[in-house]
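Could you walk me through this structure, one feature at a time?

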Amino acid sequence: MAKFSASDAAFSGFRLVRENLKTVGIWIAVMTVVSIIANALTIHFFGAQMEAAMTLMSNPDGASPEEMTKLADQMIPTLLWTLPYNLVVQGVTLAALNRMIQRRDDNRFAFLRVGKDELLQIAVSVLTGLLLMAVFFGGALLTGVLSAVGGGLLGVLVLLGAILGAIYLLVRLSLASAMTFDKGEIVFFRSMSVTKGAFWSLLGAYLVAVVMSMIVWLLIVIIVYAAVAIVTGDFSAAGGALRADTTSLSSYFTPSGIVQQLFSGFMAVLSALIMLSPAPTIYREMTGGQTASEGWGG
């Protein structure tokens, strides 16, 4: 197993931004346009359900079980729309990022495509989600059984074990996306052969990247808050400056709403680059694009 620098990998997203300013600008523009279209469709078709959910969640007295059940039924169509949308965005983002890192010369359309590579990334994301759901569902089920028979403390330990197990699996499977992109076929469980013996180094790199993303986000938010407060003299207006009004299409499509969406697109792209770049960077350093085993089966 080739070694890699955890610190270099953790800051790889910053290097990508610095070295690909034009590409990052295109990504922000594309993300903004796609988000505006998706939000407009969501508001048009599911605005009433979303407004009802926000009203219910803001109720200081809480919601009754009947209201929660009714709300859950109403939100199912919204989830059926937002889940595929988020999966497609994630698939395109992961494929573009892997393409930028692993295939630098393949830079047509700013590395953005919709094709086989993107579908494979979606498949890996779905497999990862299903695996995590199974871990948490199993942990919650066992915790409930132990709590029912008086083993409350043991149940808490089981739940903690499920959380730690999920973290372990996420780290060990973290190169599945990069490996899948490199091989051109779904590589899932067997990607753990590449991360064997590197758990702590990988975890350290990912934690640093997450912390740096949070710091950058906080700094930008503080700057925006301060700028709006200085211009308007109203700190309460600063909070609204970062949130688009999605109660209706007329309130959403305003100059301030478009600016807010542009800010959201900027933050989404920047956060994705900082947090998601370490994994494909590490894969490139560890394997040079070569793996000993293929396929996603165990």
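Q: What should I know about the model before we start?
A: This is a predicted model, in which local features need pLDDT of at least 70 and side-chain atom pairs count only at pLDDT 80 or more, while totals for chains, interfaces and linings use all residues. Residues are numbered from 1 along each chain as its sequence is written, and side-chain values use heavy atoms, with hydrogens and water left out.

Q: How many helices and strands does the protein chain have?
A: Helices (H or I, at least four residues) and strands (E, at least two) are DSSP runs, numbered from the N terminus. Here the protein chain has 13 helices and zero strands.

Q: How much of the protein chain is buried?
A: Buried means under 20% relative accessible area, exposed means over 50%, and partly exposed lies in between (1.4 Å probe, protein chains only). Of the 298 residues in the protein chain, 40% count as buried.

Q: At what angle do helix 5 and helix 7 pack?
A: Axes are lines fitted to C-alpha atoms, for helices over the stretch in contact, and angles run from 0 to 180 degrees between N-to-C directions. Helix 5 (residues 116-148) meets helix 7 (residues 176-183) at about 150°, and their axes are 10 Å apart.

Q: Is helix 7 largely enclosed or open?
A: Helix 7 is largely enclosed by the rest of the structure, because six of its eight residues are buried. Those are Ala176, Ser177, Ala178, Met179, Thr180 and Phe181. Just after helix 7, Gly184 takes a positive phi of about 75°.

Q: What does Ala178 touch?
A: Leaving out residues up to four places away in sequence, Ala178 touches Asn98, Gln102, Pro280 and Tyr283. Ala178 has 1% relative accessibility, so it counts as buried. Its C-alpha atom is 9.3 Å from that of Ser191, which is 13 residues away along the chain.

Q: What does the side chain of Thr281 reach?
A: A polar contact is a pair of N or O atoms within 3.5 Å; within protein, one must be able to donate a hydrogen and the other to accept it, and residues adjacent in sequence count only if both atoms are side-chain atoms. The Thr281 side chain reaches the backbone oxygen of Ser277 at 2.8 Å. Thr281 lies in helix 13 (residues 278-287) and is buried, with a relative accessible area of 3%.

Q: Are Phe109 and Phe111 buried or exposed?
A: Phe109 counts as exposed at 61% relative accessibility, whereas Phe111 is buried, with a relative accessible area of 3%. Phe109 sits in the loop between helix 4 (65-102) and helix 5, and Phe111 is in the loop between helix 4 and helix 5. Although not a glycine, Phe109 has a positive phi of about 55°; for Phe111, also not a glycine, the positive phi is about 70°.

Technical notes. Contact = heavy atoms within 4.5 Å.
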